[in-house]
Amino acid sequence: MTPYRIREATLEDVPGIRELFARAYGAELPEEEWRWKFERNPDGWYGIVAESEGKIVGNFAGWPMSLTVSGRPRLVFSAGDVATDPSARGLSKARNIYGDMAQTFYEKVRERGVPFTFGFPHARAQAISNRLGGTHDFLPVREVQVACETFPSPQADAGYGDFVGEDFDALWISAERHLPNAPVRDSLRTNWRFHARPTRYYRMVWLGSPGRLEAWAALSVVGEKGIVADYLGREADGRDLPGLFSAAAAEARRLGARNLAFWKTPGGPGRRWIDGLPGETHDAGFFFIGRVFEPAAAREFLEHGQFVPSIYDVV
């Protein structure tokens, strides 16, 4: 049998990884999208490849992000961007190329002190990940969809734009005091996630006066559906969020959406306000899964974290 070896990916592997995606999925991964997601990620990037006879035949990458967990800054990885060359899936009867990449990836990130990883696979990939990668189902992702027309008109201090300025950092510093379990949102990461992405457009919405933001949200609209991809507010009880959501609904409607979707969240000030929205709640159709290295940290985030769509790269 033709041998393969598992190793850490380097930037020199990018052309081979993109060619692998084209062979595996019949569609090319745009170079700018790859470089945005990995090379330009403020939190770095890490991946594992399988190589056979000088050719990249497997890829298992992690999308790193900074979270606060129990009030402490921690680096976690969203594991995904997995591909195996169809011709390589039978390279060895004694080994499994996906399983070898997955186990190497998880062992390496564990050594880096990562408390847990996560991902949002489709049903078939979910079963493979749990069986060969040692992951577990955390919870089903649930959405609340609300008709845009049911929200009140936006208040006078609502603003809209495509990026945030340095005043955003003051909002994050205020918000993180009541978000001990949440993604880190400073101006650098927020503009990278929602402004610099080459293949997706996001609209930002905020409340406040020049130089002082009171609340902020990032909005994605595809067809008649808008989704609040992320949001922050200064108030610990979330009383600034209803006005923010009204501004988001108005902007989503202007962009062609009829409905606005929110993810249900186990924690954060947004929980009570999203739970109280007059919409329909249903399963989004996929699970939040992952590999756990520190059970207490994972349990804390799963039970009390601010759960937002921005942690899923498809949104």
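Which helix does Gln 126 lie in? Hi everyone, let's start there: Gln 126 lies in helix 4. Please keep in mind that this is a predicted model.

Is Gln 126 buried or exposed? Its relative accessibility is 11%, and buried means under 20%, so Gln 126 counts as buried. Its side chain makes a polar contact of 2.9 Å with the side chain of Asp 137. If we set aside the neighbours within four places in sequence, Gln 126 is in contact with Asp 137, and also with Pro 121, Phe 287 and Ile 289.

The largest pocket holds about 1200 Å³ of space. It is lined by 43 residues, and the closest to its centre are Tyr 25, Asp 81, Val 82, His 122 and Ala 125. Helix 4, at 123-132, is one of the elements that supply at least two residues each to this lining, and others include helix 1 (14-25), helix 3 (97-111) and strand 13 (280-290). Which strand gives the most to the lining? That would be strand 4, with seven residues.

Among the residues lining it are Glu 143, Arg 200, Lys 225, Trp 263 and Phe 286. Strand 10 (212-222), strand 11 (225-233) and strand 13 are the elements that give two or more residues to this lining. By class, the lining of the second largest pocket has eight nonpolar residues, one polar and three charged.

Methods
Residues are numbered from 1 along each chain as its sequence is written. This is a predicted model: local features need pLDDT of at least 70, side-chain atom pairs count only at pLDDT 80 or more; totals for chains, interfaces and linings use all residues. Side-chain values use heavy atoms; hydrogens and water are left out. On a 1 Å grid over the protein atoms alone, a cavity is a set of points where a 1.4 Å probe fits but cannot get out, and a pocket is an open set with protein on both sides within 12 Å along at least five of seven lines; lining residues have an atom within 4 Å of a point. Grid points are joined across faces, edges and corners, and a volume is the space filled by probe spheres set on the points. Helices (H or I, at least four residues) and strands (E, at least two) are DSSP runs, numbered from the N terminus. Ala, Val, Leu, Ile, Met, Phe, Trp, Tyr, Cys and Pro count as nonpolar, Asp, Glu, Lys and Arg as charged, and the others, Gly among them, as polar. Buried means under 20% relative accessible area, exposed over 50%, partly exposed in between (1.4 Å probe, protein chains only). A polar contact is a pair of N or O atoms within 3.5 Å; within protein, one must be able to donate a hydrogen and the other to accept it, and residues adjacent in sequence count only if both atoms are side-chain atoms. Contact means heavy atoms within 4.5 Å.
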